[in-house]
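Biologist: I would like to go through some labels and ask what each one rests on. Please set the values against the cut-offs.

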Amino acid sequence: MEANQREGRGAGCGKLILFGEHTVVYGTPSIVAGLPGGAEAVALRANSTTHLEIVGPEGSSPEGEQRTRVEEAFEAILGAFESQVDTELEVRVDVDIPVGVGLGSSAALSTAVARAIADFVDLDEATEDEVVDRAVAAGERVFHGNPSGIDQLAAMEGGLHFYQSAGRSEHAPIEVEPFRVGICLAGPPASTARMVSEVADLSGREPDLFRHLKLLVGDTVRAASGAMREGDFERVGELMNVNHGALVSLGVSTADLDFACHLARSNGAYGAKLTGAGGGGCAVALIGESDGGVLDAWRSEGFEVFDVKAGGPGNSRDEQ
Ligand code: PMV
């Protein structure tokens, strides 16, 4: 291919936090699954100045504050490449998961864009891994304020992981047969950075209570990881309910998210909780092989619903 026709490609997964959002920012463990959908990007030499084009689900495109954040994240991602990019670039990214609802659209976008640029620049493998890691973290800092790294892990690796970031980040795959979960889009999009900052305010006002909540979530996550490995979904579900209670205490749930969890539990789910930053966005329910009417109950309330599998091998779309 001619140099000026060169193109780079990259992809990143969406994610589903099954346990431990928010408290993970403070070093408490968490469990996250990659989602099969996500983002795909192409980087080309541009005829004009460097720019990013985003195509969201059903052809939508971010506007207003969301657009500004995406632009800032793009700048941050480019910054991580320093002088390795020696031309103007046109990057197009297709995001096929809803934006701002806790399913990891921002990390999927950052990962796809960073990988496409790295592929365009044609770095050696070791440098590429290091630069992409740094670039995605820079993008995530724009979207999240103080990212724990949980979304980045899922976006880059897929699969199902136990994740903790106390000082340095550690993660271990949880190897289980894929299991079925329902996702309910219960509320409007919310800003992760704002929700993270509200939790930080609460931790400042009530440090002792916050410490107890972290301990509670830590014990819940460790128990859930064991229960998943044993295939004890009754217990996993119950622990999801406990984690939701802690998130309510942290002030990040909403009436719609509580209602979606309640509907799921009363229609046969093993358990349910909000997923992601909250303040709107999604609830997740562990539904097993028979949905027990959970998905229909959500639909009949007018909620958008996704029926997905969590677990199984990593599905890093980098390998496509
Ligand atoms: O991007 P969201 O909505 O899935 O939230 C990410 C999870 C948080 O724990 C709230 C923030 C973080 O960086 O871990």
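Biologist: Which are the buried residues of α6?

Modeller: They are F210, L213, V217, G218, T220, V221, A223, A224, S225, A227 and M228. Buried means under 20% relative accessible area, exposed over 50%, and partly exposed in between (1.4 Å probe, protein chains only). Note that this is a predicted model: local features need pLDDT of at least 70 and side-chain atom pairs count only at pLDDT 80 or more, while totals for chains, interfaces and linings use all residues. Residues are numbered from 1 along each chain as its sequence is written, and side-chain values use heavy atoms, with hydrogens and water left out.

Biologist: What do the buried residues of α6 pack against?

Modeller: They pack against the strands β1 (7–19), β2 (30–45), β5 (160–166) and β7 (179–185), and against the helices α5 and α7 (233–249). Helices (H or I, at least four residues) and strands (E, at least two) are DSSP runs, numbered from the N terminus.

Biologist: Why is the contact between D219 and R222 called a salt bridge?

Modeller: The term asks for a side-chain nitrogen of Lys or Arg within 4 Å of a carboxyl oxygen of Asp or Glu. The closest N and O atoms of D219 and R222 are 3.4 Å apart, so the pair qualifies. Both residues lie in α6 (residues 207–230), three residues apart, about one turn of the helix. An α-helix has 3.6 residues a turn, so residues three or four places apart point the same way.

Biologist: Is D219 counted as buried or exposed?

Modeller: D219 has 51% relative accessibility, so it counts as exposed. R222, with 44%, is partly exposed.

Biologist: How many salt bridges does a search of the whole structure find?

Modeller: The search finds 13. Among them is E198 with R194, at 3.1 Å, N to O. These two are four residues apart in helix α5 (residues 192–205), about one helical turn. E198, at 34%, is partly exposed, and so is R194, at 43%. Another is D94 with R92, at 3.2 Å. D94 is partly exposed at 32%, as is R92 at 34%.

Biologist: How do you know that β1 and β2 pair?

Modeller: Two strands pair if DSSP finds at least two bridges between them. β1 and β2 have twelve bridges, in the antiparallel sense, so they pair. A11 has E40 in β2 as its bridge partner. Eleven of the 13 residues of β1 are buried.

Biologist: Which residues have the most contacts inside the largest nonpolar core?

Modeller: They are L18, F19, I31 and W298, in a core of 59 residues. The largest share of this core, eight residues, comes from α6. A nonpolar core is a set of buried Ala, Val, Leu, Ile, Met, Phe, Trp, Tyr and Cys residues joined through side-chain atoms within 4.5 Å. Leaving aside neighbours within four places in sequence, F19 is in contact (heavy atoms within 4.5 Å) with residues including T220, V221, A224 and M228.

Biologist: Why is the pair of Y26 and F210 called edge-to-face?

Modeller: Rings of Phe, Tyr and Trp (its six-membered ring) pair if their centres lie within 6.5 Å; planes under 30 degrees apart count as stacked, over 60 as edge-to-face and the rest as tilted. Y26 and F210 are 4.9 Å centre to centre with 80° between the planes, so the label is edge-to-face. Y26 lies in the loop between β1 and β2 and F210 in α6, so the pair ties together parts 184 residues apart in sequence. At 29% Y26 is partly exposed, whereas F210, at 5%, is buried.

Biologist: What makes the pair of F179 and F233 tilted?

Modeller: Their centres are 5.3 Å apart and their planes 45°, so the pair is neither stacked nor edge-to-face. F179 is in strand β7 and F233 in helix α7, so parts 54 residues apart in sequence are tied together. F179 is buried at 6%, and F233 is partly exposed at 22%. Ring pairs link F179, F233 and Y270 into a cluster.
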